[in-house]
Amino acid sequence: MTETTTAKQSCEAPLVPDKPYYEAHEIALYQADCLELLPQIPSDTFDMIFADPPYLLSNDGFTCHAGKMVSVNKGDWDRSQGVETDHEFVMEWLSACRRVMKKDATIWVSGTQHIIYSVGFAMQKLGFKLLNDIVWYKVNPPPNLSCRYFTHASEIVLWAAKSQKSKHVFNYEDMKATANEPFDLAGKQMKSIWAIRAPGKDEKTFGKHPTQKPLRLLNRIIRASTNPDALILDPFVGSGTTAISALLNHRRCVGIDAEQDFLQLAAMRLAEAGTNRTLNLEQ
Ligand SMILES: C[S@@+](CC[C@H](N)C(=O)[O-])C[C@H]1O[C@@H](n2cnc3c(N)ncnc32)[C@H](O)[C@@H]1O
């Protein structure tokens, strides 16, 4: 067994030389640009990756929030640099992620029309095996203020294995036993369309992240594609949703984010989840 393929690598062991911003219960969060930190992690480390990258949709337009017209801008990290440069960025972080995946690992990437086609193309170019394109139906989307388009009510979550040869984990029976309302009753094969509401106030008690994912989405992803103790990576961890779901579901997790304010929010959420392990386990 080599140094890089130990059967159970604790994320409390120094996977990277940097000191984590937060570390407890086998969850470690790092403040860094993932393009700089990922190359420092040994190859073949993670069992699963969830990536919710910048959608690059901050174009000075407007959207609706709580009945009010607000800017769509999320932050400088979410500005498009043009189609070619954006695709180069996607290729760069996806290939850095692929290197640190174990041979049977899978990756999930969420996105809207702004980046998901670039991600799908990059996955094919880099040798991933596409497994599913999950349609996340956002049950309670904000209305479209321009009235010139359909209301945007979905995101795609691409699920792919490291290579054509990967023997990926899929907890089929667990998913079959789970009700996927309103599409599937418990006991029926689960379809690739999931209705999940945007996170409510109960998931934002410590503050807001502009693109926070619902805990239910991560619970389903983690339970579907990993076993207890699995080591998960989120290279764009934001407010820590992936890490919290990992903690609640008894998995280990390494999260990376460039912004300290978001990590501070993630740390507060994690501290609460650490003391209340029965917090939102719905999926
Ligand atoms: C779409 S958000 C992720 C939100 C997260 N899934 C959640 O539930 O809170 C993307 C995150 O990526 C971070 N980010 C952007 N570019 C980055 C980079 N190069 N390296 C690390 N983090 C980055 C941003 O600060 C932002 O928090």
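In this predicted model, helix H2 (residues 83-99) packs against helix H3 (residues 116-126) at an angle of about 50°, and their axes lie 9 Å apart. The two helices, H2 and H3, are therefore oblique to each other, and H2 passes H3 in a right-handed crossing. On the H2 side the meeting residues are Asp86, His87, Val90, Met91, Leu94, Ser95 and Arg98, and on the H3 side they are Ser118, Val119, Ala122, Met123 and Leu126. Sorted by class, this contact of H2 with H3 has seven nonpolar, three polar and two charged residues. An α-helix has 3.6 residues a turn, so residues three or four places apart point the same way.

Another residue of H2 worth a look is Phe89. Between Phe89 and Ser118, the separation is 29 residues in sequence and 9.9 Å in space, C-alpha to C-alpha.

The buried residues of H5 are Leu215, Arg216, Leu217, Leu218, Asn219, Arg220, Ile221, Ile222, Ala224 and Ser225. H5 packs with H6 at an angle of about 55°, the axes of the pair being 9 Å apart. H5 and H6 are therefore oblique to each other, and their crossing is right-handed. To this contact H5 gives Leu215, Leu218, Asn219 and Ile222, while H6 gives Thr241, Thr242, Ile244, Ser245 and Ala246. By class, the contact of H5 with H6 has five nonpolar, four polar and no charged residues.

Helix H6 (residues 241-248) also packs with helix H7 (residues 260-275), here at an angle of about 15° and with the axes 9 Å apart. Because angles under 35 degrees count as roughly parallel, H6 is described as roughly parallel to H7. The crossing of H6 and H7 is right-handed. The residues in contact are Ala243, Ile244, Leu247 and Leu248 of H6, together with Ala266, Arg269, Leu270, Ala273 and Gly274 of H7. In terms of class, the contact of H6 with H7 has seven nonpolar, one polar and one charged residues.

Most residues other than glycine have a negative phi, and most peptide bonds are trans. His25, although not a glycine, has a positive phi of about 50°, and Glu26, also a residue other than glycine, has a positive phi near 65°. His25 sits in the loop between strand E1 (22-24) and strand E2 (27-31), and Glu26 is likewise placed in the loop between E1 and E2. His25 is partly exposed, with 17 other C-beta atoms within 10 Å, and Glu26 is partly exposed with 17 such atoms within 10 Å. Elsewhere, the peptide bond from Glu181 to Pro182 is cis, with omega near 0°. Pro182 is found in the loop between helix H4 (172-177) and strand E9 (193-196).

Methods. Residues numbered from 1 in each chain as written. Predicted model: local features only at pLDDT ≥ 70, side-chain atom pairs only at ≥ 80, totals over all residues. Axes fitted to C-alpha atoms, helices over the stretch in contact; angles between N-to-C directions. Helix = DSSP H or I, 4+ residues; strand = E, 2+ residues; numbered from the N terminus. Parallel < 35°, antiparallel > 145°, perpendicular 65-115°, else oblique. Left-handed = near helix turned anticlockwise from the far one by under 90°. Contact = placed C-beta atoms within 7 Å. Nonpolar A, V, L, I, M, F, W, Y, C, P; charged D, E, K, R; others polar. Buried ≥ 20, exposed ≤ 12 C-beta atoms within 10 Å, placed from the backbone.
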